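Visitor: I'm new to reading protein models. Could you walk me through one and tell me how you know each thing you say?

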Amino acid sequence: MATPRFIQLHQEDSAALRLELARGLSASPAMVSPKFLYDALGSRLFDAITELPEYYPTRTERAIFDVHAAAMAACIGPGRTMIDLGAGSCEKAARLFGVMQPARYVAVDISVDYLRQALDSLQRQHPRIEMLGVGADFSSSLVLPPEAGRGERLLFYPGSSIGNFTPEQALRLLRQVRDVGGAGGALLIGIDLVKDRSVLERAYDDPLQVTAAFNLNLLRRLDTLLGCDARVEDFSHVALFNERDSRIEMHLQARRDVTLRWPGGERRLAEGERIHTENSYKYTVEGFDRLLREAGFTRTACWTDPQRWFAVFVAS
Ligand SMILES: C[S@@+](CC[C@H](N)C(=O)[O-])C[C@H]1O[C@@H](n2cnc3c(N)ncnc32)[C@H](O)[C@@H]1O
């Protein structure tokens with residue numbers, strides 16, 4: 001049985017990424033894109049987070065699919081090319097293969113080594129579905145290689161990963177998703193909804209400290225990618241709900257005065273100062289529906305769980 005094709009559009013050691021990191025660390029306040037949280041270890045730690053009782057998004061989204069996937073599939077139709085944005089372990093798409101019946105599967109992720117492994121194993125389980133892996137960073141633009149094919153497309157973007165972008169960036173990405181979907185394209189997307197602060201903050205600051213490890217792993221990435229001498233022991237994980245902007249924020253907070261040095265730059269952080277590492281925006285159903293329409297989707301349908309903690313939209 002063939003292994004899936006893999007196309008690499010993303011180079012981790014590029015000068016552009018090093019510049020992006022150095023600029024972010026030098027900014028006030030210091031900030032680093034959440035895309036840097038994901039290397040092979042970061043992806044494994046994220047998968048561990050999804051197993052935590054406090055991390056409701058994965059199991060709530062799964063429960064919505066368990067009940068409503070057939071209705072969603074009826075809106076979407078079979079035989080499409082299913083394009084999984086930020087596929088990670090590819091598990092969510094795989095659970096839907098039976099009901100969505102895609103003709104082919106294209107998995108896109110920045111965490112290239114992890115994606116390769118996940119896709120190889122998935123292809124062994126589903127030898128009849130043609131699969132393609134694409135190592136890409138779609139944070140500034142979403143571009144697919146011609147090998148993704150021209151059949152009718154279903155863009156799949158679960159896990160509320162779109163929440164990592166500001167609403168303005170999310171709008172830009174959704175417009176690109178609409179363009180990549182082309183005529184007859186459909187989008188299946190999972191969105192985390194606004195809820196009680198305590199539920200939100202526990203989900204991003206679990207007592208087992210798996211999320212802390214996920215966040216702190218960024219310091220090791222700074223070493224690998226930028227040659228920066230950041231020490232994990234010098235920082236602690238902070239997660240808080242910023243109600244004004246309707247987003248969970250993750251930060252790395254200096255435990256003492258720290259100077260980060262890398263070739264060509266340095267950043268001093270006083271004790272208590274933070275590096276902002278992730279946003280996770282929380283929407284209302286109405287607010288996200290408006291965003292989809294602003295992005296050019298004219299037909300939308302939405303399913304939620306009984307507590308209205310999470311929503312899955314189909315848009316075309
Ligand atoms: C929150 S995880 C979600 C994983 C999986 N889709 C799920 O719902 O459980 C986000 C995924 O998107 C990937 N990712 C993050 N930023 C990305 C970017 N800029 N370009 C491509 N993939 C990205 C990560 O590597 C990770 O696999």
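Guide: Of the 17 residues around the ligand here, Gly-86, Lys-92, Asp-109, Asp-137 and Phe-138 come nearest. Before going on, keep in mind that this is a predicted model, where local features need pLDDT of at least 70, side-chain atom pairs count only at pLDDT 80 or more, and totals for chains, interfaces and linings use all residues. Residues are numbered from 1 along each chain as its sequence is written, and side-chain values use heavy atoms, with hydrogens and water left out.

Visitor: How much of the ligand does the protein bury?

Guide: Taken alone, the ligand exposes 590 Å², and the protein buries 91% of that. Those areas come from the Shrake-Rupley method with a 1.4 Å probe; for residues, only the protein chains shown count as cover.

Visitor: Which classes make up the shell around the ligand?

Guide: There are 7 nonpolar, 6 polar and 4 charged residues. The sorting goes like this: Ala, Val, Leu, Ile, Met, Phe, Trp, Tyr, Cys and Pro count as nonpolar, Asp, Glu, Lys and Arg as charged, and the others, Gly among them, as polar.

Visitor: Now the rings. Why is the pair of Phe-65 and Phe-156 called tilted?

Guide: Rings of Phe, Tyr and Trp (its six-membered ring) pair if their centres lie within 6.5 Å; planes under 30 degrees apart count as stacked, over 60 as edge-to-face and the rest as tilted. The count by this rule is 11 aromatic pairs. For Phe-65 and Phe-156, the centres are 6.2 Å apart and the planes meet at 55°, so the pair is tilted. This pair links distant parts of the chain, 91 residues apart: Phe-65 is in helix H3 (residues 56-76) and Phe-156 in strand S6 (residues 153-157). Helices (H or I, at least four residues) and strands (E, at least two) are DSSP runs, numbered from the N terminus.

Visitor: How do you know whether Phe-65 is buried or exposed?

Guide: Buried means under 20% relative accessible area, exposed over 50%, partly exposed in between (1.4 Å probe, protein chains only). Phe-65 has 10% relative accessibility, so Phe-65 counts as buried. Phe-156 is buried too, because its relative accessible area is 1%.

Visitor: What makes Phe-138 and Tyr-157 an edge-to-face pair?

Guide: Look at the angle: 85° between the planes, with 5.9 Å centre to centre, gives an edge-to-face pair. Phe-138 is in the loop between strand S5 (130-135) and S6, while Tyr-157 is in strand S6, 19 residues apart. Phe-138 and Tyr-157 are both buried.

Visitor: Which residues form an aromatic cluster?

Guide: Tyr-38, Phe-46, Tyr-55, Tyr-204 and Phe-214 form one. Tyr-204 sits in the loop between helix H7 (197-203) and helix H8 (210-226). At a relative accessible area of 6%, Tyr-204 is buried.

Visitor: Why does Asp-192 count as buried?

Guide: Because its relative accessibility is 0%. Asp-192 lies in strand S7 (residues 186-192), and a polar contact of 2.8 Å joins its side chain to that of Lys-195.

Visitor: What stands out about phi of Cys-90?

Guide: Most residues other than glycine have a negative phi, and most peptide bonds are trans. Phi of Cys-90, though, is near 65°, a positive value in a residue other than glycine. Cys-90 lies in the loop between strand S3 (81-85) and helix H4 (91-100). As for the peptide bonds, a cis one joins Ser-28 and Pro-29, with omega about -5°.

Technical notes
A residue is near a molecule or strand if one of its heavy atoms lies within 4 Å of it. A polar contact is a pair of N or O atoms within 3.5 Å; within protein, one must be able to donate a hydrogen and the other to accept it, and residues adjacent in sequence count only if both atoms are side-chain atoms.
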